[in-house]
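Please look through the chain shown here before reading the points below. They are set out in order, from the whole fold down to single residues.

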Amino acid sequence: MRLEGKVALITGAARGIGEAISAKFVSEGAFVYVTDIDIPQGKLLEQSLGNSSKFMFLDVRDEDCWISVMNQIQDLHGASGYCCQQCRYHWV
């Protein structure tokens, strides 16, 4: 359990690589904030990971959204131990 007691924020976590990273971090003992714009899929992942995760909506393109999420995490944990920005987006 290399990440025991650590807190992580994973962006783009609802599917694919972000989902796999979230699961690995939880298996290594971290508490993971699963963040994404896909609310239904993010909540499903939160349920599958159990008490070691929490889903939060995060649109990485929105600075105010980042500030809100980070403030919530700091209020609960003091700081995020790890931040994995795995998401991608396209400008249309």
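1. Along the sequence, the elements come in the order β-α-β-α-β-α-β. That makes three helices and four strands, where helices (H or I, at least four residues) and strands (E, at least two) are DSSP runs numbered from the N terminus. The radius of gyration is 12 Å, close to the 12 Å that the globule rule gives for 92 residues, so the chain is as compact as a globular protein of that length. This radius is taken over C-alpha atoms, and the rule is 2.2 Å times the number of residues to the power 0.38.

2. The model is predicted: local features need pLDDT of at least 70, side-chain atom pairs count only at pLDDT 80 or more, and totals for chains, interfaces and linings use all residues. Residues are numbered from 1 along each chain as its sequence is written, and side-chain values use heavy atoms, with hydrogens and water left out.

3. Along the principal axes, the C-alpha atoms fill a box of roughly 40 × 25 × 20 Å. Of the 92 residues, 37% count as buried (under 20% relative accessible area, with a 1.4 Å probe and protein chains only). Contact means heavy atoms within 4.5 Å; among contacts between residues at least 6 apart in sequence, 49% join residues at least 24 apart.

4. Which residues have the most contacts inside the largest nonpolar core? They are Ala 8, Ile 10, Phe 25, Ala 30, Val 32, Val 34 and Leu 49, in a core of 13 residues. A nonpolar core is a set of buried Ala, Val, Leu, Ile, Met, Phe, Trp, Tyr and Cys residues joined through side-chain atoms within 4.5 Å. At least two residues of this core come from each of β1 (7-11), α1 (16-27), β2 and α2 (39-49). The largest share, three residues, is supplied by α1.

5. A second, separate core has nine residues, including Leu 9, Leu 58, Val 69 and Ile 73.

6. Leaving aside neighbours within four places in sequence, Val 34 is in contact with residues including Ile 10, Leu 45, Leu 49 and Phe 55.

7. Beyond its neighbours within four places in sequence, its contacts include Leu 9, Ile 10, Gly 12, Phe 55 and Leu 58. Of these, Leu 9 and Leu 58 are in the second core.

How values were computed
Buried < 20%, exposed > 50% of the residue type's maximum accessible area, 1.4 Å probe, protein only.
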